[in-house]
Amino acid sequence: MSHTLFVRSTFSNARAWAFLTQVDAAEAQRCRSRGCPHCGAVLHSATYPRKPHGLAPELRDDARRFSLCCADCRRRVKPPSSRFFGRRFRVAPLFVVVNALALAGGARLEAIARQWRIPVLTLRRWRRWWRESFPATRAWRWKRGELAVPSGEAPLCCVLRRIRGRSVRSRLLRTLIWLLPWTGDCALGAGPARSAESGSSRHR
């Protein structure tokens with residue numbers, strides 16, 4: 001897999017971040033229109049700021065996570081997000097890029113850790129999640145047919161390889177949108193899905 005996919009400007013670009021913010025806003029509105037998945041009541045905005053690692057400083061003022069709160073049961077509902085992968089500190093583009101490097105096997109984890117300032121233990125935990133927990137999710141069983149994923153290949157590497165786009169940036173943005181069902185508890189298409197962080201404690 002070409003390392004040209006992993007240029008920092010690809011996901012720190014202001015236009016790309018603005019596009020992902022629009023995607024998240026649309027998903028929040030879609031989720032809100034369905035009402036509370038727990039009791040059916042009206043959902044109100046409960047957006048909150050994030051302090052994302054891996055995002056250019058000039059873009060951090062716009063780093064707010066769209067979130068909803070039920071008017072009756074008061075439970076929080078998180079729409080899917082192309083910018084934030086569950087509760088992870090690193091922004092979703094960085095999370096996807098670094099894990100693709102770790103899963104591809106073309107570089108040692110220690111080298112990736114130094115370049116991206118991420119602990120090796122964290123990289124191992126992420127890699128384990130992609131290898132073990134991700135393929136076991138309901139969303140993967142539902143969506144893998146879209147890409148005709150062969151058996152034995154790391155799912156994330158397959159997604160990045162098979163999703164098409166006219167540029168590296170386009171491919172990465174389309175991948176982030178394809179991964180939306182794993183990023184919130186108000187999933188696309190088939191009802192609620194588990195968050196990427198909702199697996200067993202050993203994957204957190």
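Which residues do ring pairs link into a cluster? Ring pairs join Phe85, Phe95, Trp126, Trp129, Trp130, Phe134, Trp140, Trp178 and Trp182 into a cluster, where rings of Phe, Tyr and Trp (its six-membered ring) pair if their centres lie within 6.5 Å.

This is a predicted model, in which local features need pLDDT of at least 70 and side-chain atom pairs count only at pLDDT 80 or more, while totals for chains, interfaces and linings use all residues. Residues are numbered from 1 along each chain as its sequence is written, and side-chain values use heavy atoms, with hydrogens and water left out.

The chain holds eight helices and five strands, and these are DSSP runs numbered from the N terminus (helices are H or I with at least four residues, strands are E with at least two). Read along the sequence, the pattern is α-α-β-β-β-β-β-α-α-α-α-α-α. Of the 204 residues, 47% count as buried, a word that stands for under 20% relative accessible area, with exposed for over 50% and partly exposed for what lies in between (1.4 Å probe, protein chains only). Among the contacts with a separation of 6 or more, 63% come from residues 24 or more positions apart, a contact being heavy atoms within 4.5 Å.

Three of the strands form an open sheet in the order S1-S4-S5, with antiparallel pairing; two strands pair if DSSP finds at least two bridges between them. The edge strands, S1 (43–45) and S5 (76–77), each pair on one side only. Strand S4 (residues 68–70) pairs with S5 in the antiparallel sense over two bridges, and cysteine 69 stands opposite arginine 76 in S5. Helix H2 (residues 14–34) lies across S1, S4 and S5 and runs at about 150° to S1, an angle between N-to-C directions on a scale from 0 to 180 degrees, with axes fitted to C-alpha atoms, for helices over the stretch in contact.

In one of them the side chains of arginine 83 and aspartate 24 meet at 2.6 Å, N to O. Because arginine 83 lies in the loop between S5 and helix H3 (92–104) and aspartate 24 in helix H2, this pair ties together parts that are 59 residues apart in sequence. Both arginine 83 and aspartate 24 are buried. Another salt bridge joins glutamate 27 to arginine 30, with the closest N and O atoms 3.4 Å apart; both residues lie in helix H2, three residues apart, about one turn of the helix. Glutamate 27 counts as buried at 7% relative accessibility, whereas arginine 30, at 41%, counts as partly exposed.

The aromatic pairs number 13. Phenylalanine 85 and tryptophan 129 form one that is edge-to-face, at 6.0 Å centre to centre and 80° between the planes, where planes over 60 degrees apart count as edge-to-face, under 30 as stacked and the rest as tilted. Since phenylalanine 85 lies in the loop between S5 and H3 and tryptophan 129 in helix H5 (residues 120–133), the pair ties together parts that are 44 residues apart in sequence. Both phenylalanine 85 and tryptophan 129 are buried. Phenylalanine 134 and tryptophan 182 form a tilted pair, at 4.7 Å centre to centre and 35° between the planes. Phenylalanine 134 sits in the loop between H5 and helix H6 (138–143), and tryptophan 182 in the segment after helix H8 (168–178), 48 residues apart.

Note on methods. A salt bridge is a side-chain nitrogen of Lys or Arg within 4 Å of a carboxyl oxygen of Asp or Glu.
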